[in-house]
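Please look over the sequence and the structure shown below before reading on.

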Protein chains: 2
Amino acid sequence: MYTIKSRIWIEGIDGVCLGEGRIKILNAILKEGSLSKAAKSLGMSYKKAWNLVDSMNKNANQHIVITNTGGTGGGGTKITPYGMQMIETFENINKNCWEFLDEQLKAHTL
Amino acid sequence: MYTIKSRIWIEGIDGVCLGEGRIKILNAILKEGSLSKAAKSLGMSYKKAWNLVDSMNKNANQHIVITNTGGTGGGGTKITPYGMQMIETFENINKNCWEFLDEQLKAHTL
């Protein structure tokens, strides 16, 4: 009895834009409302989370995350509408890929 | 402009049976005719290659690799007919998956 698994990632012009780990950070930002709290909730250093978010933005066609580092309302990190679309697309393709692979495995006799 | 990439692997009852790295070892065994030469050609220790082959066999429904450790004709490592079928299936599903993901990415506006 076999199972088939996969990891997918989307690359932009200069490297990885989105993968499963980055999606986890984005979902944590959505839940926690700030990058520092999101990093903490994932047991990740702020520096690492910041670098990953920076790399997402640099490799995306539009900004995925906007970080406000201060001001009257404090900091706060937001996912842009484009970022929301990227999350949804990634999760959708990922799910479709799993279904596709399950069908592929069934179609082959092993 | 985005590209989408993937890694797939097949798991058996107790863990990973086949993945891209293991397929490389099997193809190197086919080319070199022995596990030690295959390991060397991949810059991998014999011990690591042996452990990976052992894990493939343990997690497959039938043996993938047969190793003869001595005898008149020396050692020599062979891929079983079932192993050949597993290699072909893996590479086929992997290629289908890449095509599927390219289509998926095209079908989404980003």
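Strand S1 (residues 3-12) of chain A pairs with S1(B) in the antiparallel sense, and the pairing runs over 9 bridges. This is a predicted model, and the points below are grouped by topic.

**Where the chains meet**

- The contact takes 25 residues from chain A and 25 residues from chain B.
- On the side of chain B that touches chain A, strand S1 (3-12) and helix H4 (81-107) of chain B each supply at least two residues, and S1(B) gives the most, with 10 residues.
- Sorted by class, that side of chain B has 14 nonpolar, 8 polar and 3 charged residues.

**Helix H1 of chain A**

- The 13 residues of H1(A) should span 18 Å at 1.5 Å a residue, and this agrees with the end C-alpha atoms, because they are 18 Å apart.
- The buried residues of H1(A) are Arg22(A), Ile25(A), Leu26(A), Ala28(A) and Ile29(A).
- An α-helix has 3.6 residues a turn, so residues three or four places apart point the same way.
- The face of H1(A) turned away from the buried side carries the exposed residues Glu20(A) and Lys31(A).
- What covers the buried residues of H1(A) includes S2, H2, H3, S3, strand S4 (77-79) and helix H4 (81-107) of chain A.
- After H1(A) comes Gly33(A), whose phi is positive, near 80°.

**Helix H3 of chain A**

- Helix H3 (residues 46-58) of chain A has 13 residues, and from its first C-alpha to its last it reaches 18 Å, which is close to the 18 Å expected at 1.5 Å a residue.
- Which residues of H3(A) are buried? They are Ala49(A), Leu52(A), Val53(A) and Met56(A).
- Seen down the axis of H3(A), these buried residues fall within an arc of 100°, so they line one face of the helix.
- The face of H3(A) turned away from that buried side carries the exposed residues Lys47(A), Asn51(A) and Asp54(A).
- The buried residues of H3(A) pack against several elements of chain A, namely strand S2 (15-18), helix H1 (20-32), helix H2 (35-41) and strand S3 (65-67).

Key
Residues numbered from 1 in each chain as written. Chains lettered and ligands numbered in written order. Predicted model: local features only at pLDDT ≥ 70, side-chain atom pairs only at ≥ 80, totals over all residues. Helix = DSSP H or I, 4+ residues; strand = E, 2+ residues; numbered from the N terminus. Expected span 1.5 Å × (residues − 1). Buried ≥ 20, exposed ≤ 12 C-beta atoms within 10 Å, placed from the backbone. Arc of directions from axis to C-beta. Contact = placed C-beta atoms within 7 Å. Nonpolar A, V, L, I, M, F, W, Y, C, P; charged D, E, K, R; others polar. Pairing = 2+ DSSP bridges.
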